[in-house]
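Here's a quick walk through one predicted model. Have a look at the structure first, then we'll go through a few details.

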Amino acid sequence: MNTNQLDQIKELQQKLHFAETRNIRLEAELKKYQQQSNLNKYVQFFNRYQKLLRALLKESKMSFIILLFLCENMDKRNTFHITQKDLAKIFNVGERHIRQSINLLKTHKIISVKIDGTTNYYIVNSNIAWKGSLENKRNSLFKVNPILLDLEVEKGYKKSIKTSIKSIK
């Protein structure tokens with residue numbers, strides 16, 4: 001083999017190495033994307049606070065709708081930023097109604113709000129809902145015990161449920 005052929009072989013080996021390295025990198029990026037896209041497909045609502053969510057729905061439907069909107073659009077740290085004006089446009093209500101609904105969510109520690117100029121960063125309490133893997137929940141920006149709303153109606157249901165369970169046994 002002459003030097004020209006050796007140079008060509010060396011160049012082809014370098015191109016092959018580059019292609020293999022690029023392929024490995026692309027496969028890693030694809031795997032990372034697939035994991036991220038799978039995590040964006042769901043939000044976990046924890047059973048412990050289901051009663052709170054039902055009470056919230058009964059107390060203020062708009063607050064519940066806003067909470068679901070935030071959960072749907074939040075990132076993997078339970079954060080979403082939007083102005084109250086934009087929320088009012090999205091839900092076709094006044095800004096005052098949005099403010100009242102958000103205040104109810106804040107009062108019961110369901111969300112936290114951080115303000116940056118005219119944009120609000122809404123952080124959903126990770127004890128209630130979490131988007132992403134549970135391993136990353138420890139990185140939550142807002143994790144406190146919410147203040148519960150009471151549902152008087154459910155007290156009667158609980159008694160009838162316990163009675164029904166006893167009669168089945």
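Which residue's backbone oxygen lies 3.3 Å from a polar atom of the side chain of Thr-79? That's Arg-77, a polar contact (a pair of N or O atoms within 3.5 Å; within protein, one must be able to donate a hydrogen and the other to accept it, and residues adjacent in sequence count only if both atoms are side-chain atoms).

## Ground rules

The model is predicted, so local features need pLDDT of at least 70 and side-chain atom pairs 80 or more, while totals for chains, interfaces and linings use all residues. Residues are numbered from 1 along each chain as its sequence is written, and side-chain values use heavy atoms, with hydrogens and water left out.

## Around Thr-79

Thr-79 sits in strand S2, residues 79-82 (strands are DSSP runs of E, at least two residues; helices are H or I, at least four; both are numbered from the N terminus). Thr-79 counts as buried because its relative accessibility is 14%, and the cut-off is under 20% (1.4 Å probe, protein chains only).

Leaving out residues up to four places away in sequence, Thr-79 touches Met-74, Tyr-121, Tyr-122, Ile-123 and Leu-141 (heavy atoms within 4.5 Å). Ile-123 is also the bridge partner of Thr-79 in S4.

## The strands

S2 and S4 (residues 119-124) run antiparallel, joined by 4 bridges; pairing takes at least two DSSP bridges. S3 (residues 111-116) is also antiparallel to S4, with 6 bridges, and Val-113 stands opposite Tyr-122. S3 and S4 make a hairpin with 2 residues between them, and Gly-117 in the turn has a positive phi of about 70°.

Notes. Buried means under 20% relative accessible area, exposed over 50%, partly exposed in between (1.4 Å probe, protein chains only).
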